[in-house]
Amino acid sequence: MKNNLNKICTFFLFFALVPCMFASGKKDKELKVAVKKGGDAVPFAYLCENKPKLGKDIQFTLSVCNDYEEVLAQVMDEDGQLGLLPLEAAAKTFTLAGGKVVMLGVCENGNVYLLSKNAGLSALTQLKGKTLAAVHEGSVSDSVIRYLLKKAGLSVGEGQDSVKLDYSIPASGMTAALHSGDALYALMPEPYATVAEIKGQGIVRNIDFQKEYAAVEDGAAFPAYVLVANAAYVELNGEYVRAFADAYKKAVSWTNGKAFRAAVLAQKYELGMMAPVVANSIPHASYTWLYAAEARNVVEAVLKICLDANPDSIGGRLPDETFYYVF
C-alpha cells in the first residue's frame with residue numbers, strides 16, 4: 001500500500017512539474033524586444049512578418065507598449081531583454097541604475113520639422129520674435145533645436161529678439177492648432193508632421209532640423225532613439241543579440257526602401273498607425289542602424305549638447321565607455 005501511494009505521489013508530482021519545466025524552457029528560448037506603439041515600431045513589422053533566425057530554437061517576440069516608461073520597465077525587469085528608448089532616457093538610466101542597461105545601436109535619428117502656413121519661411125534666422133509650439137521638453141531633439149537656434153544667433157526666451165518655445169500643445173493637437181491659428185509655427189516629430197501635411201489646408205514643412213544639424217556639424221546626423229539591452233542578459237546571450245541586431249539592420253534597410261509594403265505590415269501588426277500615414281512618413285522618419293561602437297562619436301556629441309542644455313535629462317554626466325556595447 002505504501003509503495004502504491006509513493007508511486008501515485010510521484011506520478012502527480014511529475015505532471016505538476018512538467019508545465020513549469022516547459023514554461024521555463026520557453027522563457028529561455030525567447031528574445032523579447034519592447035517598443036512603444038507608433039512610429040518607432042515600424043521597422044519591427046518586417047521582423048514580425050519575417051521571423052529572424054537567431055539560433056537554434058530562439059524565437060523573437062515583440063512587446064508593443066503604450067509609453068517609454070513601460071518599455072524601460074520591461075528592459076529593467078529581472079527577465080528583461082531588449083527595448084527601444086529615446087537616447088536621453090537610455091543614457092540617464094545607464095548612469096542612475098549603475099550600468100544595468102547598455103546601448104546596442106542607434107535606431108532612429110532626429111526627425112523633427114518646423115511646419116507652418118508660411119511658405120516663405122526657410123531659415124532659422126526668420127524665427128526671431130516668433131513663438132514655436134514644441135514637444136518633448138528635455139529630449140535630445142529639444143536640446144538640439146535649442147543648440148541650433150543659438151548657432152543661428154537666436155536666444156530662447158521671451159521678447160522680440162528671442163524665440164519662445166511653447167510646450168502647452170501636445171503633438172497630437174498641433175495640426176488642429178495650426179489650422180485654427182492657435183499656433184502659427186510648430187515643431188513636429190514624425191509621424192505628426194506627415195499627418196499635418198496629409199490634412200493639408202496650406203500647412204507646409206519649412207525646416208528640417210536634421211539638415212540644419214548636418215550643416216553645422218560637418219554632415220553628421222543627430223541620433224535620437226537607440227536599441228538598449230538588459231546588461232546581464234546581453235552578457236550571457238551576446239551571440240543571439242548580435243544576430244538580432246543584424247536582422248534589425250536588414251529590416252531598417254527594407255523598410256526605408258519599401259515604404260508602402262512596410263506600411264501595410266505596420267497596420268497588420270497593429271503598431272499604432274494606419275498604412276497611409278506610415279507610407280508617407282517613412283521618407284522623413286530617419287530610420288537607421290548604427291552599432292554602438294561605430295556610433296559612439298555622434299552619440300557623445302549629442303549627449304554633450306544635452307549636458308549643456310539640461311544635465312538632468314541624461315543623469316548629470318556623460319555615460320562612460322561601457323554604455324556602448326561592443327559585440
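I take partly exposed to mean a relative accessible area between the buried limit, under 20%, and the exposed limit, over 50%. Glutamate 197 has 32% relative accessibility, so I log it as partly exposed. The model is predicted.

**Salt bridges**

I looked up the salt bridges and found eight. Glutamate 197 bonds to arginine 205, with the closest N and O atoms 2.9 Å apart. Arginine 205 is buried, at 18% relative accessible area.

I then checked arginine 296. Its salt bridge partner is glutamate 300, and their closest N and O atoms are 3.0 Å apart. Both sit in helix H13 (residues 292-309), four residues apart, about one turn of the helix. Arginine 296 is partly exposed at 29%, while glutamate 300 is buried at 17%. I also noted a network in which shared partners join Glu190, Glu197 and Arg205.

**Aromatic pairs**

I moved on to the rings and found 13 aromatic pairs. Tyrosine 46 and tryptophan 254 have ring centres 4.9 Å apart and planes at 40 degrees, so I call this pair tilted. Tyrosine 46 belongs to helix H2 (residues 44-49) and tryptophan 254 to helix H10 (residues 238-257), so the pair ties together parts 208 residues apart in sequence. Both residues are buried.

Tryptophan 289 and tyrosine 291 have ring centres 5.4 Å apart and planes at 85 degrees, so this pair is edge-to-face. Both are buried. Ring pairs place them in a cluster whose members include Phe44, Phe60 and Tyr325.

**Charges over rings**

Last, I looked for arginines over ring faces. Arginine 242 lies over tyrosine 291, 4.4 Å from the ring centre. Arginine 205 lies over the face of tyrosine 113, at 4.4 Å from the ring centre.

Terms used. Residues are numbered from 1 along each chain as its sequence is written. This is a predicted model: local features need pLDDT of at least 70, side-chain atom pairs count only at pLDDT 80 or more; totals for chains, interfaces and linings use all residues. Side-chain values use heavy atoms; hydrogens and water are left out. Rings of Phe, Tyr and Trp (its six-membered ring) pair if their centres lie within 6.5 Å; planes under 30 degrees apart count as stacked, over 60 as edge-to-face and the rest as tilted. Helices (H or I, at least four residues) and strands (E, at least two) are DSSP runs, numbered from the N terminus. Buried means under 20% relative accessible area, exposed over 50%, partly exposed in between (1.4 Å probe, protein chains only). A charge sits over a ring if NZ of Lys or CZ of Arg is within 6 Å of the ring centre and within 35 degrees of the ring normal. A salt bridge is a side-chain nitrogen of Lys or Arg within 4 Å of a carboxyl oxygen of Asp or Glu.
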